[in-house]
Amino acid sequence: MGKSERSLIDLGRRVAALQDQAPEARLDHARGRARLGAAELRAPPPTRPLAVRLSAMSAAALLVIAIVAGVVTRPRPLQFSLGAGEPGAVGAWIAASSTAELPIRFSDGSWLLLAPGGRARVAAIDADGAEIALERGALDLSIVHRDHTRWKVRVGPFQVHVIGTRFETRWDPTTEQLVVALRDGAITVSGPLVGDARAVRAGERLTISPAKGTLQVGALDEASAPAPMAMIPSAPAPSAQPVEVTPNVPSPGPPARAVEAAPPSPRVRASAEVTAAPARLAALDWRALALEARYKDALAAAELEGFDAICAAASAGDLRILGDVTRLGGNPARAEQAFASLRARFPGSPEAATAAFMLGRIAQDQSKDYAGAAGWFTRYLSERPGGENAAEAAGRLVEVADKMGDEAGARRAAEHYLAAHPSGPHAAYARGVLARGARATP
């Protein structure tokens, strides 16, 4: 080994010795790791793979589509039209003219046919059906059966529950008699004399008269036309005379012309009243005539027997019938006398409370004495708050207060009605009163 090589080796040894003596010259691993971490934080985030991004976007899009589809496919309430296609309004009264039937068509294919002179309204409606309130007249219904179909017809103190069927119902608020004729399908009727749910079979006709306390079941005669409105007495005897169609017809006359409707509507026929001679009436009991719905003859017979004497001696039940006979026979003054006698002689009885309701009806419908009607309806509700006429009395209270222009009283009556009968036949009317009051309030 030459001298120069030894010199280089000695130099290397001295440098190694100096490095071993200077720790700061060593590699600082801790500081290096810190610098590396800081550099990673400053670096941009790594880009997700395209497939992952597309999957996330698809999931979000599907969520939006599901929400929109749920809104779009949510069942909408049924729509209905009147006559030739006029849009119907929920809660508005529908009146057929005295000479023509009025069709009511629904968007699910169901249809109703309101007979001449009839009055009804669609009280409520949803995707599964509707609630119909029939105030008076005849109504022919053809309801399409679908899943979850629910229809209801309110007729006076009665309710008819429908799923899918073809039937006719008739109601006269004057005689307070209900007729239901079922052609096919299935319905139940609830109310006075029938209980919570009386099933009606296809081909069956049900005639109910709460005033007389009668319930009759018979076969549906397809060959004969339904009787018109005031011609629904409960199983008259074979010798019973026809009864006038309209209580306001003052005197006998020739039979009215039949009103023919386009199929499949029922044919409505009318006949005039035939009044028995006074000599015959003297031999007849006014009660028997009343049961045959011959109200004018019954009133005449009661007068021959002695009207005042009957009022002074008759039972509570007979006075109730006498009041109906005179009211239906076209003499509201005598009706008021009979009902007043009933209340005076049998205070606190159910019949006396019913007399208060009937006096309210006479005051509202015939005398147009709305203040007097309000007093009688209020009295009935205080005496029989859960009575069979409670819903109608409460609803009529809303009407008479509104007719009088008593806005505050009408609102109070509407609030009370909706609290007790939120889906009753006067519910739409009551809500209209409240809505009108809300708009008028600044």
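Select Arg334 first: Arg334 is partly exposed, with a relative accessible area of 21%; here buried means under 20% relative accessible area, exposed over 50%, and partly exposed in between (1.4 Å probe, protein chains only). The model is a predicted one, in which local features need pLDDT of at least 70 and side-chain atom pairs count only at pLDDT 80 or more, while totals for chains, interfaces and linings use all residues. Residues are numbered from 1 along each chain as its sequence is written, and side-chain values use heavy atoms, with hydrogens and water left out.

The side chains of Arg334 and Glu303 meet in a salt bridge of 2.8 Å, N to O; the term denotes a side-chain nitrogen of Lys or Arg within 4 Å of a carboxyl oxygen of Asp or Glu. This pair links distant parts of the chain, 31 residues apart: Arg334 lies in helix α9 (residues 332-345) and Glu303 in helix α6 (residues 295-305). Helices (H or I, at least four residues) and strands (E, at least two) are DSSP runs, numbered from the N terminus. Glu303 is partly exposed as well, at a relative accessible area of 33%.

Next, select Arg320 and Asp324. Their salt bridge has its closest N and O atoms 2.3 Å apart. The two residues are 4 residues apart in helix α8 (residues 316-328), and so are separated by about one helical turn. Arg320 counts as buried at 11% relative accessibility, and Asp324 is buried at 8%.

For another pair, select Asp285 and Arg287, which form a salt bridge with the closest N and O atoms 2.9 Å apart. Asp285 is partly exposed at 33%, and Arg287 is partly exposed at 27%. In total, the structure holds 22 salt bridges.

Now go to Glu399, in helix α12 (residues 390-403). Glu399 is buried yet has no salt bridge, and the nearest side chain of opposite charge, Arg121, is 5.4 Å away.

Move on to strand β4 (residues 102-106) and display its side chains.

Show the neighbours of β4 next. Strand β1 (residues 80-82) runs antiparallel to β4 and is joined to it by 3 bridges; two strands pair if DSSP finds at least two bridges between them. Phe80 stands opposite Phe106 in β4. Strand β5 (residues 111-114) also pairs with β4 in the antiparallel sense, over 4 bridges, and Arg105 stands opposite Trp111 in β5. β4 and β5 form a hairpin with 4 residues between them, and Gly109 in the turn has a positive phi of about 100°.

Finish at Val217, in strand β13 (residues 214-219), which is partly exposed at 46% relative accessible area.

Definitions and conventions. Lys, Arg positive; Asp, Glu negative; His and termini not counted.
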